[in-house]
Amino acid sequence: MELSEKPKYSGSVFFVEDVKKSKNFYTEILDQEIEMDFGRCVGFIGGFSIWERSYAHKMMGVKEEVISINKKDAELYFEIEELDALFAKLKSEKIKFVHDIIKQPWEQRCFRIYDPDEHIIEFAEPMTIVIERLYDEGLTHNQIVKKSLMPVEIVLDVIGKIDSVKNDKFSEDLI
């Protein structure tokens, strides 16, 4: 039978041992906003959720041993322009880091931490920032495409916007 539509990705779930502790971590430390809170199942704006493991198996209709907390086998990915400021903020918390800020082979700067159940969370600068930085360093369009691994169309679009703003001559009285 042929489907008339494709499945649409809607979100991911991390199973956690203590939903209150994890909810506090994501809201108080990572400043995430709750979209829905059903007590033992919490959904955050952006499409990820946490479910208390002891509750999840009942809701899913499976045996308890089917659902486990598999540490370090998944990653949530966030982008933030103020990467250094977030890094400094999280360093002041009692959080376990996977690693400090590193530069990926494609020139993107990032760092990773663990949540209370040792799921990995990555924070990285947006690729537009990477392209801007490489352009400001004097790299050509082709060099940026090669270093960043970004499609040429995206690189040209970002650089075009930078050049447009730099070359835009406007009068203060128009603002």
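Residues are numbered from 1 along each chain as its sequence is written. In this predicted model, local features need pLDDT of at least 70, side-chain atom pairs count only at pLDDT 80 or more, totals for chains, interfaces and linings use all residues, and side-chain values use heavy atoms, without hydrogens and water.

Reader: At roughly what angle do the axes of α4 and α5 cross?
Author: Helices are DSSP runs (H or I, at least four residues), numbered from the N terminus. Axes are lines fitted to C-alpha atoms over the stretch in contact, with angles from 0 to 180 degrees between N-to-C directions. Helix α4 (residues 127-136) and helix α5 (residues 141-148) have axes that come within 10 Å and cross at roughly 135 degrees.

Reader: Which residues of α5 does α4 meet?
Author: Contact means heavy atoms within 4.5 Å. From α4 come Met-127, Ile-131, Leu-134 and Tyr-135. Their partners in α5 are Ile-144, Lys-147 and Ser-148.

Reader: Is Asp-117 buried or exposed?
Author: Asp-117 sits in the loop between β7 (109-114) and β8 (120-124), where strands are DSSP runs (E, at least two residues). Buried means under 20% relative accessible area, exposed over 50%, partly exposed in between (1.4 Å probe, protein chains only). Asp-117 has 7% relative accessibility, so the residue counts as buried.

Reader: Which residue's backbone nitrogen does the side chain of Asp-117 reach?
Author: Asp-117 touches Val-16, Glu-17, Ser-22, Ile-69 and Lys-71, not counting residues up to four places away in sequence. At 3.2 Å, its side chain reaches the backbone nitrogen of Glu-17.

Methods: Polar contact = N/O pair within 3.5 Å; in protein donor to acceptor, adjacent residues only side chain to side chain.
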